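Here is a friendly walk through one protein model, written for someone who likes to think in contacts and coordinates. Please keep the viewer open while you read.

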Amino acid sequence: MKKLGRREFLYGLGAGAALAGLRPGAWGEFLDSRPGSQNSYTLNVVIHGMFVVDVRGKGVTLYPPISHQGHDYLAGTWLKEQAIAKGERLALNVSQSPGQPAAGPPEAKLQPTENPVFPGGSLHTEYSHFRFFLPYPNGYSFLRLAHQIGSAPFFTGTPQPYVQPHAIPEVVVFTYQRLQSLPSIQRVFSAPPVAEFPWTPDVQGGYINLHIWAMEPGAPDPAMFRKRFAVLKQLTGFSNLHANSAYYNAGMPLVDKKTGVPGLTPDQEHTLFERTKNGEHPKAPCCKTKPPVSCSSIFLY
């Protein structure tokens, strides 16, 4: 009898259990995301914290608002992330097979009912701590959702999102399928040279997770959030956009029991404070309250 390896087991005998944990409609995405060979990888880029996510260019660009109050800006493997210096311009380098996305996503892919998607104008990038360019991914996932309270919108003022979301995510995941070689991060300057950012991908069963952070390492502070949101308004030029104060004392959304993202475990949805306070596998949220919008990104489409 042939001895089954880890990959054969996961995609053979274990396939039913894995598929059972996926969100509705994700079975095809799971099958497409399976590594095709020993030299084919699936990459999940996991975004934690407040970012402006611009999908209007030739790819996706992340802009975290500058914070002057003890924010951590990091990228890398879980628990091994490296600091990102102010003003850095980073680019994800992936070797995708032919037929991978070359154009922006349709609005439905961004799940606007569970993710704030806004029309955007010109960005004022001097209010961003760094820029991180990503190619368009194959899939988009929105995790650890904070749900709407009654009919109260998460955002008030102008501009209005394309659709008023019923929930907003703590964690956003971009998935890149069938990579032909290991990905890397490059430091891109206005002129040569180009140097690599210190990240060694950790491959587990053909999957790689890259975490990108813009988050306070301590307990969430609504006062700090309001200052950071003010910078986000300067970055986007949305001077009349406001975070609804009805959510300032809202409960912290729980970690998902199953992420629905192959290769990503629920513990990797935790905040920096949770994993510092309680170890790698905290059993409870970090605190009783936390403004949901304090660690949510907004998309410009």
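**Overall make-up**

Please keep in mind that this is a predicted model. The protein has five helices and 16 strands. Of its 301 residues, buried ones make up 52%. If you look at contacts between residues at least 6 apart in sequence, 82% of them join residues at least 24 apart.

**The six-stranded sheet**

Let us start with the sheet that contains E1. Six strands make up this open sheet, in the order E5-E4-E14-E1-E11-E9, and the pairing is mixed. Its edge strands are E5 and E9 (139-147), each of which pairs on one side only. Within the sheet, E4 and E14 run antiparallel and are joined by five bridges. Aspartate 72 has methionine 215 in E14 as its bridge partner.

At the other end of the strand order, E9 pairs with E11 in the antiparallel sense over eight bridges. Here phenylalanine 142 stands opposite valine 172 in E11.

**The eight-stranded sheet**

A second open sheet has eight strands in the order E7-E16-E2-E3-E8-E6-E12-E13, again with mixed pairing. E7 (117-118) and E13 (195-196) stand at the edges with a single partner strand each, so one side of each has no neighbour in the sheet. E2 (residues 52-54) and E16 (residues 298-300) run parallel, with three bridges between them. Valine 53 finds its bridge partner in E16, namely phenylalanine 299.

**Nonpolar cores**

The largest nonpolar core has 37 residues, and those touching the most other members are Leu43, Val45, Leu62, Leu92, Phe132 and Phe174. Strands that each supply at least two residues of this core include E1 (41-49), E3 (60-63), E8 (131-134) and E11 (167-179). E11 gives the largest share, five residues.

What does phenylalanine 174 touch, leaving aside residues up to four places away in sequence? Its contacts include Leu43, Val45, Ile47, Val53, Leu62, Leu134, Tyr140 and Phe299.

Another core, of 22 residues, lies apart from the largest one; Phe229, Leu232, Tyr248 and Ala250 are among its members.

**Salt bridges**

How many salt bridges does the structure hold? There are five, and the table shows three of them.

| Pair | N to O distance | Residues apart in the chain |
|---|---|---|
| Arginine 275 and glutamate 81 | 2.7 Å | 194 residues |
| Glutamate 88 and arginine 187 | 2.7 Å | 99 residues |
| Arginine 228 and glutamate 216 | 3.7 Å | twelve residues |

Arginine 275 forms its salt bridge with glutamate 81. This pair links helix H5 (residues 272-278), where arginine 275 sits, to the loop between E4 (72-76) and E5 (82-83), which holds glutamate 81. Both residues, arginine 275 and glutamate 81, are buried.

Glutamate 88 meets arginine 187 in a salt bridge. Glutamate 88 is in the loop between E5 and E6 (89-93), and arginine 187 is in E12 (residues 184-187). With a relative accessible area of 12%, glutamate 88 is buried. Arginine 187 has 22% relative accessibility and therefore counts as partly exposed, as the buried class requires a value under 20%.

The side chains of arginine 228 and glutamate 216 also meet in a salt bridge. Helix H4 (residues 222-236) carries arginine 228, while glutamate 216 lies in the loop between E14 (207-215) and H4. Arginine 228 and glutamate 216 are both buried.

**A buried loop residue**

A last stop is serine 296, found in the loop between H5 and E16. Is serine 296 buried or exposed? Its relative accessible area is 2%, so serine 296 is buried. Not counting residues up to four places away in sequence, serine 296 touches Gly49, Met50, Phe51, Pro116, Ile168 and Pro169.

Notes
Residues numbered from 1 in each chain as written. Predicted model: local features only at pLDDT ≥ 70, side-chain atom pairs only at ≥ 80, totals over all residues. Heavy atoms only, no water. Salt bridge = Lys/Arg side-chain N within 4 Å of Asp/Glu carboxyl O. Helix = DSSP H or I, 4+ residues; strand = E, 2+ residues; numbered from the N terminus. Buried < 20%, exposed > 50% of the residue type's maximum accessible area, 1.4 Å probe, protein only. Pairing = 2+ DSSP bridges. Core = buried A, V, L, I, M, F, W, Y, C linked by side-chain atoms within 4.5 Å. Contact = heavy atoms within 4.5 Å.
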